[in-house]
Amino acid sequence: MKLTLHVDTGNQLEGATLLGAWPGMGEVGVTAMTYLRAALGASPLGEIDMSARVSPSAVVVKDGLVTMPEVPSNSLYYVPDPPLLFFESPGHLEGTLALDLMSTLLDLAQDFRVSAILTAAAFAMPVDHNE
């Protein structure tokens, strides 16, 4: 897993809040985070490349040719004032791959001395009409 930052923010993001989003039921978390990121005018910061660790579960056939699907990109964005970091992942991960991604993200949070981490995703739960 490779973290690449394209912008040197200096200490602008020290103590930032990290906002993370993953897809879920109806893409609620990712949609809310995408809206918030756009409304605040967040700029691209970098990405976490997982291509060396991801094995595709399917192939893409186009015009009779088989190709490998694109590896999802885990994107990082930032807003300097108020200091915010955004992390958006297009897919759910499991097992050691998920743990490695979270470890990389937490290392980044530690480097920026993040003050809080908030995540958004939807998870369906059975709810009785009386609840």
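For the charges discussed here, Lys and Arg count as positive and Asp and Glu as negative, while His and the chain ends are not counted, and the place of a charge is taken as NZ of Lys, CZ of Arg, CG of Asp or CD of Glu. In this predicted model, the mean positions of the 5 positive and 15 negative charges of the chain are 8 Å apart.

The model being predicted, local features need pLDDT of at least 70 and side-chain atom pairs count only at pLDDT 80 or more, whereas totals for chains, interfaces and linings use all residues. Residues are numbered from 1 along each chain as its sequence is written, and side-chain values use heavy atoms, with hydrogens and water left out.

The chain holds two helices and eight strands, taken as DSSP runs numbered from the N terminus (H or I, at least four residues, for helices; E, at least two, for strands), and their order along the sequence is β-β-α-β-β-β-β-β-α-β. The C-alpha trace spans about 50 × 50 × 30 Å along its principal axes. Of the contacts (heavy atoms within 4.5 Å) with a separation of 6 or more, 77% join residues 24 or more positions apart.

Of the 131 residues, 32% are buried, that is, under 20% relative accessible area, with exposed meaning over 50% and partly exposed in between (1.4 Å probe, protein chains only). The accessible surface of the chain comes to about 8400 Å², 56% of which belongs to carbon and sulfur atoms. Val-66, which lies in strand E5 (residues 65–67), counts as exposed because its relative accessibility is 57%.

Definitions and conventions
Areas by Shrake-Rupley, 256 points an atom, 1.4 Å probe, with all protein chains shown as cover.
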